[in-house]
Amino acid sequence: MPSLLQVALDTPLHRLFDYRLPDGVGAVPPGSLVEVPFGRTHQVGVTLGQPADSTVGADKLRDVIRVLDDRPALSPDILRLAQFCADYYHYPLGAILLATLPPRLRNATPFVADTPWLIVTEAGRTAQPAARAKAQRALLDALRAAPQSRDTLRAQKQGRHAAALVTAGWAAWSRVPPATSDAPQTTPPPSATAEQQAALDRLLPALTQFGVHLIHGITGSGKTELYLRLIDAVLARDQQTLVLIPEIALTPQLEQHFRRRFPGRRIITLHSGLTEATRTENWLAAPNCDVLLGTRLSVFAPLPRLGLIVVDEEHDASFKQQDSLRYSARDVAVARGKQRNVPVVLGSATPALESYAHALAGRYQLIELKQRAISQARLPTIELVDLKHIPIDNGLTRPALQALTETLARGEQSLVFINRRGYAPALYCSSCGWVSPCPRCSARLVLHRTSHRLKCHHCGFETRIPPECPGCGNPDLKPLGQGTQRLEETLTTLLPAARIRRIDRDTMRPRAWAELGEAVHGGEVDILVGTQMLAKGHDFPNMTLALILDTDGALYSPDFRATERLFAQLMQVAGRAGRADKPGCVLIQTAFPDHPLFRYLQRHDYPGYARELLAERRQLDLPPFTRQVLLRAEAPTMDAALAFLQRAAALAPERAGVSVFSATPAPMARVANLERAQLLIQSAQRQALQRLVAEWRPQLDTIKPRVARWSLDVDPLVF
Ligand code: ADP
Ligand code: ZN
Ligand code: ZN
């Protein structure tokens with residue numbers, strides 16, 4: 001029997017593949033990357049073992065093309081974490097394993113690492129080279145102080161000594177520049193507030209083992225400062241911290257903050273805003289970093305000395321991937337913490353109800369920060385403008401305009417928040433009722449006046465603004481409703497003296513955030529107009545008014561999470577107003593001022609609202625009191641999509657305590673010319689639900705006729 005290799009490949013198939021290892025290739029440790037023939041092409045795969053024999057006939061076995069030893073193998077803990085995801089999300093292991101790699105390493109083209117820096121390794125920090133190896137000792141001492149560049153070492157003819165240190169495992173070539181290079185000044189830590197100290201007294205002793213700690217701290221209470229102190233303790237033990245953050249936009253800010261705080265430490269980032277090359281570099285450097293700051297995919301980064309995982313803004317929906325592997329990075333972080341026996345700290349001003357319920361039930365340790373860290377900073381007052389009694393003109397009421405005018409007169413800044421980007425949500429014909437439909441989706445085309453186009457925000461369809469109504473020929477088409485662009489235009493007309501800046505996904509490149517922050521801090525902006533993107537993590541001390549124009553859609557939405565999300569957004573917007581010593585005000589225009597959400601918001605009472613929502617969820621059998629799995633199907637016709645799901649429902653094994661609902665059209669029924677339907681399965685018992693889906697999934701492959709696409713979404717956030 002030839003030597004065999006079991007390989008996981010990026011295919012939709014839930015199976016592994018056997019290959020023959022050519023003679024002369026020694027043992028291949030699990031996790032190694034190999035190039036193998038697959039069908040008529042080549043693929044990169046991850047080895048999982050060397051089985052004694054194979055069910056594939058010896059004549060059918062194909063040879064491994066080569067072992068890709070230009071790149072590191074995936075470590076056993078990543079293999080284990082991927083296996084957890086494969087089981088929990090019912091997704092093929094090979095697809096998960098390859099998705100954890102940066103794109104360049106998924107490709108078999110030789111990857112020649114350009115490693116310009118020599119850095120000291122863990123072992124090298126305490127190693128004692130032999131006394132007579134003077135040059136090595138000197139170089140090691142130099143490395144302990146700072147990384148050395150390959151060019152310098154070459155110029156100093158140190159190449160041989162460098163190689164010796166690398167062979168001894170005391171130094172390593174790295175692609176990361178010295179962490180100190182771009183952070184000359186450092187920030188000394190402030191002394192902890194009483195609340196922060198109390199939190200530290202509970203958290204620091206808990207750092208030695210797995211446990212989930214939920215920090216519920218109001219905006220500005222100093223959660224970030226708390227993370228920094230925990231990281232400090234982890235660094236002192238020579239361990240690594242993984243910090244997961246929701247948005248790319250915030251990374252540069254936070255990165256700077258971390259660099260100033262930890263000069264000389266290796267802090268690296270991983271997010272989709274980086275070039276492919278940098279992403280690969282940083283991923284390769286992760287095993288030697290001190291702190292890894294990254295968005296959701298970083299939860300799979302290689303970190304051999306992991307000592308702590310922090311998930312900041314843990315409630316943020318961007319932690320959940322909405323396609324292919326539909327994982328929640330927060331939940332995977334908890335799983336990784338458990339597997340590695342390291343603590344997980346979740347932080348938010350408005351925790352996800354899932355997390356908060358765990359904390360109330362005692363499964364997570366709840367740590368509360370109720371006061372702002374800077375003592376003068378007061379919480380803003382929250383006022384409602386009742387749209388049932390106060391007329392609205394171009395999206396704005398008189399009180400709202402007055403508040404803006406007064407804030408401007410005081411030389412302070414305002415934030416105007418509207419949840420629609422573009423000029424207006426649609427273009428409208430008043431004679432026949434035509435409302436710019438997307439030809440491919442059950443959605444309206446959004447009017448973008450600056451680019452003179454109608455755009456679909458769901459499928460990307462774009463077209464020129466028609467000169468007349470396509471329905472009746474009426475040339476007088478009008479914008480319907482308010483978007484950020486139209487609001488900016490209105491404000492420019494009404495407040496000609498104000499310097500207005502609009503921010504939404506249409507105008508914002510990741511690096512533009514830093515520039516915007518400077519403009520606001522420098523007092524070059526009076527009014528910021530934007531979508532919910534604005535609500536994230538900025539600290540503008542002179543921003544004393546936040547105006548919220550359109551929230552009512554979420555108050556009575558069929559999506560049961562809509563109010564939870566709206567509350568989180570509004571709390572965050574409120575947190576932006578008046579953070580320093582100036583009192584802030586939040587003004588909300590609504591036709592439903594009696595909605596309970598506002599009552600809690602006005603008291604800044606997250607726990608109160610969370611308890612009310614949880615009671616409601618319990619009564620209605622909704623998450624977190626029940627676990628859900630959604631089967632989605634897309635087909636050219638709704639009938640085909642529904643028929644597939646009905647067939648699937650009939651195949652679902654019967655299980656006590658698991659409910660299989662009926663197939664229904666999705667709330668957004670048509671996207672990009674495909675009709676979408678869904679089938680919900682739920683149970684109060686996670687295990688029962690998981691076992692059912694594990695049995696059920698293979699059967700879904702057998703359903704005929706097939707649909708264009710189907711997928712399982714475990715713990716779905718969006719329906
Ligand atoms: P959060 O992450 O909870 O919104 P931050 O950690 O950003 O809050 O802190 C809010 C503000 O308070 C920041 O400007 C921060 O520098 C400051 N701050 C935090 N902790 C302290 C402290 N112990 N002493 C003084 N200022 C602090
Ligand atoms: Zn018309
Ligand atoms: Zn569309």
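A residue counts as near a molecule if one of its heavy atoms lies within 4 Å of it. The legends below describe a predicted model.

**View 1. The shell around ligand 1.** By that cut-off, 17 residues surround ligand 1. The closest are Ser 191, Gln 196, Gly 220, Lys 223 and Thr 224. Helix H8 (residues 223–236) gives the most to this shell, with three residues. By type, the shell divides into five nonpolar, eight polar and four charged residues.

**View 2. Backbone contacts to ligand 1.** A backbone N or O atom of Ser 191 lies 2.9 Å from a nitrogen atom of ligand 1. Gly 222 places a polar backbone atom 3.1 Å from an oxygen atom of ligand 1. For Glu 225, a polar backbone atom is 3.4 Å from an oxygen atom of the ligand. On its own, ligand 1 has 550 Å² of accessible area, and the protein covers 74% of that.

**View 3. The zinc site, ligand 3.** The SG atoms of Cys 438, Cys 441, Cys 456 and Cys 459 coordinate the zinc ion at 2.3 to 2.4 Å. The angles among the four donor atoms run from 101 to 116°, and the site is tetrahedral. Ideal angles for four tetrahedral donors are 109.5 degrees. Along the sequence, the donor residues follow the spacing C-x2-C-x14-C-x2-C. Cys 438 sits in the loop between strand E20 (426–429) and strand E21 (446–448), and Cys 459 in the loop between strand E22 (453–455) and strand E23 (462–464), so this pair ties together parts that are 21 residues apart in sequence. Cys 438 has 6% relative accessibility; it counts as buried because that is under 20%.

**View 4. Two cis peptide bonds.** Most peptide bonds are trans. Pro 623 and Pro 624 are joined by a cis bond, with omega about 5°. Pro 624 belongs to the loop between helix H19 (606–620) and strand E29 (627–635). The bond from Lys 704 to Pro 705 is also cis, with omega near -10°. Pro 705 is in the loop between helix H21 (686–700) and strand E33 (709–714).

**View 5. Two positive phi angles.** Most residues other than glycine have a negative phi. Ser 324 is not a glycine, yet its phi is positive, about 35°. Its place is the loop between strand E13 (306–312) and helix H11 (329–340). Ser 324 is partly exposed, at 42% relative accessible area. Asn 394, not a glycine either, has a positive phi of about 55°. Asn 394 lies in the loop between strand E17 (392–393) and strand E18 (396–397). With 36% relative accessibility, Asn 394 is partly exposed.

Notes
Residues numbered from 1 in each chain as written. Chains lettered and ligands numbered in written order. Predicted model: local features only at pLDDT ≥ 70, side-chain atom pairs only at ≥ 80, totals over all residues. Heavy atoms only, no water. Donors = N, O, S within 2.8 Å, 3.2 Å for Na, K, Ca; no water. Tetrahedral: all angles 85-135°; square planar, octahedral: opposite > 155°, others 65-115°. Helix = DSSP H or I, 4+ residues; strand = E, 2+ residues; numbered from the N terminus. Buried < 20%, exposed > 50% of the residue type's maximum accessible area, 1.4 Å probe, protein only. Polar contact = N/O pair within 3.5 Å; in protein donor to acceptor, adjacent residues only side chain to side chain. Areas by Shrake-Rupley, 256 points an atom, 1.4 Å probe, with all protein chains shown as cover. Nonpolar A, V, L, I, M, F, W, Y, C, P; charged D, E, K, R; others polar.
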